[in-house]
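Visitor: Could you take me closely through one part of this model, the packing of its interior, and then follow the elements that contribute to it or lie elsewhere in the chain?

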Amino acid sequence: MEKRVLIYAPTGQDAVLASKMLTLAQVDNLVTENVQRLSEELLIGVGAVLTVEEALSNGGMKALGEFVQRQPNWSDLPIVLLTHRGPDSLSVRQAIGALGNVTLLERPVRTLTLITSLQSVLRAREKQYQVRETDRRKDEFLASLGHELRNPLAPIRTSMSVLNHLYPDQAPVKKVSDVIERQVTHLTRLVDDLLDVARINSGKIELQRDYTTFAQVMEHVTELCSAAAAAKRIKIDVAVPPGDVVLYADYARVVQIVANIVSNAVKFTPADGYISVRGQVEFGALNIYVKDTGIGLEAAAIKRIFAMFEQSRPPSGQIASGLGIGLSLSRQFAEMHGGSVQATSEGLGKGSEFIVTLPVVTEARPVDAAPIADIMGAVDQRPKVLVVDDNRDAADSLQALFEMENCNVATAYDGFEAVQAVEQGMPDMIVMDLGMPSMDGYEAARRIRLKPGSQSVLMIALTGWGQSDARQRTLDAGFDHHLIKPVNFDDIKRLADGRLGKPQGLRLIR
């Protein structure tokens with residue numbers, strides 16, 4: 001299945017003719033008659049896709065785009081696109097930008113050209129499968145190595161505890177015990193990191209969420225990092241916001257996110273240095289700023305330090321200690337929580353700053369988690385607004401503006417979340433971005449409009465596309481209005497006042 005060519009050309013004779021040519025050339029292929037069949041067969045297995053320009057606007061672009069967005073890191077699905085005018089048309093330019101690995105063949109195309117092109121991309125696809133197999137074997141090796149290394153750690157630590165119990169007042173024993181304890185702790189963390197890499201790559205990590213506070217997290221992080229910092233006389237200054245900043249998160253993973261970054265700062269900060277860790281709640285998110293006086297980062301290094309097994313080099317050129325796993329794990333765990341990790345530096349010798357962003361439940365521990373229906377304002381009489389945008393800064397800032405207008409506002413960060421929020425409580429208005437990964441605004445709008453009671457909802461699309469065909473697609477999907485970014489908030493208020501103010505007695509403009 002993974003070596004076959006899927007042919008998607010639902011109109012005309014292109015699919016039938018192409019299938020006959022490929023069959024004669026002994027290239028395994030399958031004609032998919034409609035976009036639903038294409039989506040199903042893509043999930044079963046595909047070596048390459050052969051499609052035509054006119055099929056892109058018939059659902060082909062969406063199906064291929066969703067598959068490309070979800071494909072694993074090793075995969076780069078090759079797509080051969082038959083066009084009329086090369087890259088001149090808008091749909092072809094959009095395909096090149098959205099689908100990535102696209103080969104254009106201008107029609108009429110010679111049989112030999114088509115066959116050799118597909119054979120070439122299938123050979124390249126075979127190389128991708130080899131990379132996948134190498135990654136699989138590496139993950140299995142890391143998992144086995146982690147488990148094998150962990151086995152002797154417990155008896156080493158236990159044996160040292162026995163010696164401490166037998167000779168509690170012997171200074172030499174205490175000194176040796178402390179050395180062994182530090183090294184066993186360090187080795188245990190390395191082993192845990194190896195196991196986490198294997199679990200993440202195999203999709204076996206599940207977050208164990210519960211309510212915790214930023215102060216509790218930082219207390220644990222300080223405990224983990226203080227010994228290494230003290231050994232280099234590095235001061236770690238921690239500033240926690242007043243009051244409880246509550247997270248609904250996997251406590252151990254959040255500690256790991258921050259501890260990995262602080263430990264990394266200790267590693268690359270010279271003796272007598274300084275590390276600042278401060279938390280700040282901004283737009284409903286906790287931003288944790290970790291700033292050091294260390295060796296800094298050059299611009300090229302910032303792009304690669306979060307890659308797995310990537311090692312930053314000190315100015316001396318020597319490879320630093322560690323496995324190059326910690327920062328990658330921090331970013332991946334943060335993203336699993338719906339957050340992010342970013343790095344900045346003014347250059348070598350000027351220190352670095354890492355910014356961890358995590359969603360906050362509230363600034364005080366809730367007694368009970370509020371259901372989405374309550375968040376959407378099922379009881380309160382204010383206009384209920386749902387803001388949808390995968391750009392969190394954009395969504396959160398728009399949310400703040402609506403709240404200033406005395407609206408009850410909920411946010412969603414992708415199309416799936418938007419549909420789920422509507423299922424829990426129908427809003428009065430939805431302001432939604434169109435260009436979102438996984439499920440775009442078009443599909444989310446179509447699904448929302450199918451739900452009972454949705455016809456009265458004012459739906460406004462926000463997009464960077466202003467062409468007439470883009471506007472028509474927006475209207476076809478069920479939106480009432482199409483606004484081009486950057487949007488003036490007064491325009492949104494006028495639309496809301498005109499639609500919501502009269503029939504429902506709700507006014508956004510005071």
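Guide: Setting aside neighbours within four places in sequence, L358 is in contact with L247, V254, I257, A285, L286, I288, A334 and H337, where contact means heavy atoms within 4.5 Å. The model is a predicted one, in which local features need pLDDT of at least 70 and side-chain atom pairs count only at pLDDT 80 or more, while totals for chains, interfaces and linings use all residues. Residues are numbered from 1 along each chain as its sequence is written, and side-chain values use heavy atoms, with hydrogens and water left out.

L358 belongs to the largest nonpolar core, which has 40 residues, and together with V221, I288, I305 and F354 it touches the most other members. Such a core is a set of buried Ala, Val, Leu, Ile, Met, Phe, Trp, Tyr and Cys residues joined through side-chain atoms within 4.5 Å; buried stands for under 20% relative accessible area, exposed for over 50%, and partly exposed for what lies in between, using a 1.4 Å probe and protein chains only. At least two residues of the core come from each of α7 (214-231), β8 (246-250), α8 (251-267), β9 (274-282), β10 (285-292), α10, β11 (340-345) and β12 (352-359), and α8 gives the largest share, 9 residues. The helices (H or I, at least four residues) and strands (E, at least two) are DSSP runs numbered from the N terminus. A second, separate core holds 38 residues, among them I7, Y8, F67 and V121. In soluble globular proteins, nonpolar side chains tend to be buried together.

Two of the contributing helices, α7 and α8, have axes that come within 9 Å and cross at roughly 35°, the axes being lines fitted to C-alpha atoms, for helices over the stretch in contact, with angles that run from 0 to 180 degrees between N-to-C directions. Q216, V217, M218, H220, V221, L224, C225, A228 and A229 of α7 make the contact with Y251, V254, V255, V258, A259, V262, S263 and V266 of α8.

A further contributor, α10, has G326, L327, S328, L329, S330, F333 and A334 as its buried residues, and after this helix comes G338, with a positive phi near 85°. In the loop between α9 (299-304) and α10 (326-336) lies I325, which is buried at a relative accessible area of 2%.

Elsewhere, the axes of α13 (residues 415-424) and α14 (residues 441-449) come within 9 Å and cross at roughly 15°. α13 is therefore roughly parallel to α14, as angles under 35 degrees count as roughly parallel, over 145 as roughly antiparallel, 65 to 115 as roughly perpendicular and the rest as oblique. The crossing of α13 and α14 is right-handed, and in it G415, F416, V419 and V422 of α13 meet A444, R447 and I448 of α14. Helix α14 also includes R449, which counts as buried at 13% relative accessibility.

Technical notes
Left-handed = near helix turned anticlockwise from the far one by under 90°.
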